[in-house]
Amino acid sequence: MKVSAMAFKVTLKTPSGEQVIECDDSTYILDAVEEAGIDLPYAAGPELAPTINTTKSTTMQLALSSKINVSKTFAAKRAARTNMKVSAMAFKVTLKTPSGEQVIECDDSTYILDAAEEAGIDLPYSCRAGACSSCAAKLEAGDIDQSDQSFLDDDQMGAGFVLSCVAYPTSDCTLSTHQEEALY
């Protein structure tokens with residue numbers, strides 16, 4: 001059975017005006033923007049990175065902002081692929097950081113790193129796309145979904161390593177943060 005890609009309209013609001021492009025759920029938005037010949041500034045850090053906001057429809061809006069929020073986009077993509085309704089079930093996530101243990105609430109459509117930042121907790125990160133090890137943590141209890149990551153191999157995931165920038169809680173869980181060095 002062949003799975004077809006779901007197409008989205010992406011509205012780009014930039015200082016030079018508004019443009020609409022088509023993007024399917026198997027293409028990164030920034031790749032589609034570059035393919036369309038639109039030049040946007042972006043960076044790995046929060047200062048210049050795009051913010052992606054979704055609505056209940058399949059229309060997405062991209063605007064330059066000082067805060068990254070891509071969790072809704074990936075939840076919508078995952079739901080679109082499986083024809084499931086996007087739900088927001090909150091879980092208790094315990095973060096064991098070098099400065100002590102902190103507990104946050106995180107729903108099943110928000111990345112753990114994003115929820116930690118919203119709670120005022122500074123955790124290490126770099127790419128925010130699951131393609132590096134800067135945000136590595138170790139799962140001590142509970143369950144997570146990190147299907148958006150592309151960096152960890154099966155052995156590392158089997159050992160409990162998690163990339164907090166692309167990990168959703170699927171139950172109450174405990175993570176030991178700042179584990180990049182332990183990964184190697």
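These numbered points go through a predicted model of one protein chain.

1. Basis of the note. Because this is a prediction, local features need pLDDT of at least 70 and side-chain atom pairs count only at pLDDT 80 or more, while totals for chains, interfaces and linings use all residues. Residues are numbered from 1 along each chain as its sequence is written, and side-chain values use heavy atoms, with hydrogens and water left out.

2. Overall make-up. The protein chain contains five helices and 11 strands. Both are DSSP runs numbered from the N terminus: helices are H or I with at least four residues, and strands are E with at least two. Of its 184 residues, 42% are buried. Buried means under 20% relative accessible area, exposed means over 50%, and partly exposed lies in between (1.4 Å probe, protein chains only).

3. Surface and contacts. The accessible surface is about 10,200 Å², and carbon and sulfur atoms hold 49% of that. Such areas come from the Shrake-Rupley method with a 1.4 Å probe; for residues, only the protein chains shown count as cover. Among contacts with a separation of 6 or more, 48% are between residues 24 or more positions apart. A contact means heavy atoms within 4.5 Å.

4. Cysteines. The number of disulfides is zero, a disulfide being a pair of cysteine sulfur atoms within 2.5 Å. C127 is in no disulfide, and the nearest cysteine sulfur, in C132, is 3.6 Å away. C127 is partly exposed, at 26% relative accessible area. For C106, the closest cysteine sulfur is that of C173, and a bond is ruled out because the distance is 7.7 Å. C106 is buried, with a relative accessible area of 1%.

5. The aromatic pair. Searching the whole structure gives one aromatic pair. Its rings, those of Y111 and Y168, have centres 4.6 Å apart and planes at 25°, so the pair is stacked. The rule takes rings of Phe, Tyr and Trp (its six-membered ring) with centres within 6.5 Å; planes under 30 degrees apart are stacked, over 60 edge-to-face, and the rest tilted. Y111 sits in the loop between β6 and α3 and Y168 in strand β10 (residues 168–169), so the pair links distant parts of the chain, 57 residues apart. Both tyrosines, Y111 and Y168, are buried.

6. A charge over a ring. R128 lies over the face of Y125, 4.5 Å from the ring centre. This requires NZ of Lys or CZ of Arg within 6 Å of the ring centre and within 35 degrees of the ring normal.

7. F91. This residue belongs to strand β5 (residues 90–97) and is buried, at 10% relative accessible area. Beyond its neighbours within four places in sequence, F91 touches several residues, including I104, C106, P169 and D172. F91 and P169 are 78 residues apart along the chain, yet their C-alpha atoms are separated by 6.7 Å.

8. T110. The loop between β6 (100–107) and α3 (112–118) holds T110, which is buried at 12% relative accessible area. Its side chain makes a polar contact of 2.9 Å with the side chain of D107. A polar contact is a pair of N or O atoms within 3.5 Å; within protein, one must be able to donate a hydrogen and the other to accept it, and residues adjacent in sequence count only if both atoms are side-chain atoms.

9. E180. Helix α5 (residues 180–183) includes E180, which is partly exposed at 31% relative accessible area. The side chains of E180 and S133 form a polar contact of 2.7 Å.
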